[in-house]
Amino acid sequence: MAGLATGVSAQDAAGQGATGAQWPAAQPATHAGLSAAQVFALAEQARAEGDFATAETAYRALSQDRDLEVRTEARFRLGLMLGDDLKRYADAALEFRRILDDKPGAARVRLELARMQASLGNFGAARKELRAAQAAGLPTSVEQLVRFYTRALNARKRFGGVRARAGQQHQSRHPFRHAGHRDR
């Protein structure tokens, strides 16, 4: 794995990634003797086994690939792992932003970025990304889900407040309410 940390410079075997990108046919292997497809497989196996350090190293190596589609897929999978498995939401959001720098119309990536922003408590940024994803065009079933989450985020904004953590009092952002006030 140490050889992968220096950067894999390979193309993936024919296939399609989670972001919907078509990868080119097999190209020359890396200096470590692995193709991008093999490194992806290694990363997925490591992730499945809970070896997140190895998976992260492999994805970061692939994120330096010359091919934009390989880089994009590596960053996407890395972002999912960072957010879902490691709860490193800020790091995941950064990976999704890097993808959007290259592919601003990637709606699925915007949805994942919105999810990470919401996990960080950045609800305004989450709403912005949901709007951008909607503007890019989504399948009907996904559009309905996005509308549901947008309404939920807007309801949170409209009523204000910070959700209480265990053992803490509710803190309202509404100027006419204090922490102990209840609507009747």
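A pocket here is an open set of grid points with protein on both sides within 12 Å along at least five of seven lines, and its volume is the space filled by probe spheres set on the points. Keep in mind that the model is a predicted one. With that in hand, the largest pocket holds about 340 Å³ of space. Two elements each give two or more residues to its lining, namely α6 (107-119) and α8 (140-159). The lining has 13 residues, and those nearest the centre of the pocket are Leu111, Ala114, Arg115, Leu130 and Tyr149. Sorted by class, the lining comprises 10 nonpolar and 3 charged residues, with no polar ones.

Now step back to the whole chain. It contains 8 helices and 2 strands, arranged along the sequence as α-β-β-α-α-α-α-α-α-α. Of its 184 residues, 38% are buried. The chain exposes about 10,500 Å², and carbon and sulfur atoms supply 51% of that area. If you look at contacts between residues at least 6 apart in sequence, 49% of them join residues at least 24 apart.

Finally, zoom in on helix α4 (residues 68-85), where you will find Arg75. Is this arginine, Arg75, buried or exposed? Arg75 counts as buried because its relative accessibility is 13%, and the cut-off for buried is under 20%. Beyond its neighbours within four places in sequence, Arg75 is in contact with Ser63, Glu95, Arg98, Ile99 and Asp102. As for Ala61, it lies 14 residues from Arg75 in sequence, with 9.9 Å between their C-alpha atoms.

Definitions and conventions: Residues are numbered from 1 along each chain as its sequence is written. This is a predicted model: local features need pLDDT of at least 70, side-chain atom pairs count only at pLDDT 80 or more; totals for chains, interfaces and linings use all residues. Side-chain values use heavy atoms; hydrogens and water are left out. Helices (H or I, at least four residues) and strands (E, at least two) are DSSP runs, numbered from the N terminus. Buried means under 20% relative accessible area, exposed over 50%, partly exposed in between (1.4 Å probe, protein chains only). Contact means heavy atoms within 4.5 Å. On a 1 Å grid over the protein atoms alone, a cavity is a set of points where a 1.4 Å probe fits but cannot get out, and a pocket is an open set with protein on both sides within 12 Å along at least five of seven lines; lining residues have an atom within 4 Å of a point. Ala, Val, Leu, Ile, Met, Phe, Trp, Tyr, Cys and Pro count as nonpolar, Asp, Glu, Lys and Arg as charged, and the others, Gly among them, as polar. Accessible areas come from the Shrake-Rupley method with a 1.4 Å probe; for residues, only the protein chains shown count as cover.
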